[in-house]
Amino acid sequence: MTQTITPTEISENAENIINVHSQPVVIPKKHQEDISPISDMSPDSWRYHPDLIIDYYNKRSIQVLGRLLNILFPVLGLLFDNWWDSLWGNSAKNESKRAVKLKQVLTKLGPAYIKIGQALSTRPDLVSPAYLQELTTLQDQLPPFPNDIAYQFITEELGATPDQVYAEISENPIAAASLGQVYRGRLKTGEEVAIKVQRPDLVRRITLDIYIMRSIAGWVKENVKRVRSDLVAITDELAERIFEEMNYLQEGKNANKFKELYGHIEEIYVPKIYWEYTGRRVLTMEWINGTKLTDIAEIQAQGIEATQLVEVGVQCSLRQLLEHGFFHADPHPGNLLAMPDGRLAYLDFGMMSTILPYQRYGLIEAIVHLVNRDFEALAQDYVKLDFLTPDTDLKPIIPALANVFNNALGASVAELNFKKITDEMSAMMYEFPFRVPAYYALIIRSMVTLEGIAINIDPNFKVLSKAYPYVAKRLLTDQSQELRNSLKDLLFKDGSFRWNRLENLLRNAKDSPDYDFDRVINQGVDYLFSERGEFIRDRLADEIVNSLDHFGQKTWLNISTTVRETLGLKPVNSTVNNNGNGKGLMSEESIEHLTNILQILQETDGYDPLKLIPIITNILQNRETQKLGQKIAGGLAQKATARLIRNILLDSNNNHNGNGKINNNYKYEPQLSLPSA
């Protein structure tokens, strides 16, 4: 007979004996989850509810105070030790000892603080090698909890004992992380699997720490006016992700969705979830043989290029953030494995997040504007991305952005990393009314963690320089109205086409792994002749008219000069019209960019001149092409007419004196050159 125990009974009894399949198992009170706000919910509705947690712990002030003291004393001890070492000049000597103590303190404080240590373990640019070595063990080498507790959870979740479910299961866990530990096993059908079991008492410890952090965030929000970011919203965002991570049913759904979106990528592998052996606290998934990305020597010994795998991870992360909006928010080395066949395997899909379409497009636009140093547009991007309110005065912010990003970028995009940009931005964030939106916190966590792995493999690796080819490809191929408008704004300025920008986009886009030359050409032609491309057709017609007119004037001037010199006549002093401002004219620099563009297209994978024949035929037969030709012809005729009228007026003025009488002294000279329009 199975005995059902309520949360109240758990808290009142020192221990409970639960009869599962006639096998009594003793579970001490300390391993039970005493958290009434969520314990009665079904697994499908098991979500983060801050109001329930607040209500629960508001009535337990002594428990909250005790936890605060448990956190405060170890942290103060660490600070004192480091101050004492610094005072006596022993910092370097005792560094390894302090690193071990920091790891021990974080481990003792529990999952929330272990995750802080995990984040630091991927940042060799922030912490010294001694600290890095110790903090790395927090990824999957934490102290395990007893097997009998793990087996009990398997029995409760799957309705059968481990030996009834699995043909084999390792005697001890092969890895132990912040929220659970992993056993290696084999199903009775023969498949090798990883069995993840959640730590006991996890919900109570997590919710208590969330309550404390949220309370502190609320106090700071109300009393520290210089902090404009919504710290409560950021805390809620992180807490929501941690709650999903504690629900292994949700993790299984995340894994399936991740596989659906990114599993088709040749270099990416996502393990299978075995749903019949999965519950809220137990997850059974396909076993992956692989090497952590930080084990560079072992990866290279297998003939695999570690840097190439990181680039694969960067490209996959960009697709997650900017294409589908469903991204892995915790890509630390324990969750990324190099498989023997050279593929990159993703593990642990507990901490995932989403980014909305307008946020995705805003990030793409911001990257493009940053690379092209268009700081006025970048300031507008911060408004779109909710960093600034729409009523913010951007005039003083634009030069501040220019100063910050020019310093961070240095000579080229290749010099930029997230750590450098964050350092440069921090001071400006305080000076101006910036606020960090909640969704952005997990994006930063994801990208900074990934960059940390990359820096550990290659200190010169820069994420943005690897990311921009993908961004350029998206800008050229995406059909969304937002990115079409962004492309238009990028390529046109004051009515002139910026060939250098197009050259830069094409040069970067061709290096994107999945860049499709045919798709770019076809989509470009379709867009050019669509209703949305009318603006570009108009600007293109104006530029062609001005360029042909300029070329015609220059050619006629050269011919007339040659003829007059042959006839022994005096050359006519005439200049070719530049329309006053030079707009729309194909300068030598523009022609050079156009030549470079043609060369880039020829060097792009998939380029075939024969493929262009049907495209050119289609362009020539298109009705909009005919309209474009008529507009160009009309524009040239209009300029010629204006020039003829001006020529007649000039002749008329030259034949009259100032009082309207005919000037009999005027001597007619044949005009073989075109006067300026």
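I looked up burial first: 48% of the 677 residues in the protein chain are buried (under 20% relative accessible area, with exposed over 50% and partly exposed in between; 1.4 Å probe, protein chains only). The model is predicted, so I note that local features need pLDDT of at least 70 and side-chain atom pairs count only at pLDDT 80 or more, while totals for chains, interfaces and linings use all residues. Residues are numbered from 1 along each chain as its sequence is written, and side-chain values use heavy atoms, leaving out hydrogens and water.

For Phe258 I listed contacts (heavy atoms within 4.5 Å). Not counting residues up to four places away in sequence, Phe258 touches Cys316, His328 and Met352, among others.

A nonpolar patch of about 820 Å² includes Leu65, Phe73, Val75 and Ile216 (residues with over 30% relative accessible area and no salt bridge, nonpolar side chains Val, Leu, Ile, Met, Phe, Trp and Tyr joined within 5 Å; a salt bridge is a side-chain nitrogen of Lys or Arg within 4 Å of a carboxyl oxygen of Asp or Glu; areas by Shrake-Rupley, 1.4 Å probe). Helix α4 (residues 61–88) supplies its largest share, eight residues (helices are DSSP runs of H or I, at least four residues, numbered from the N terminus). Val75 is partly exposed, at 33% relative accessible area.

Methods: Patch = residues over 30% accessible without salt bridge, like charges linked within 9 Å, V, L, I, M, F, W, Y side chains within 5 Å. Helix = DSSP H or I, 4+ residues; strand = E, 2+ residues; numbered from the N terminus.
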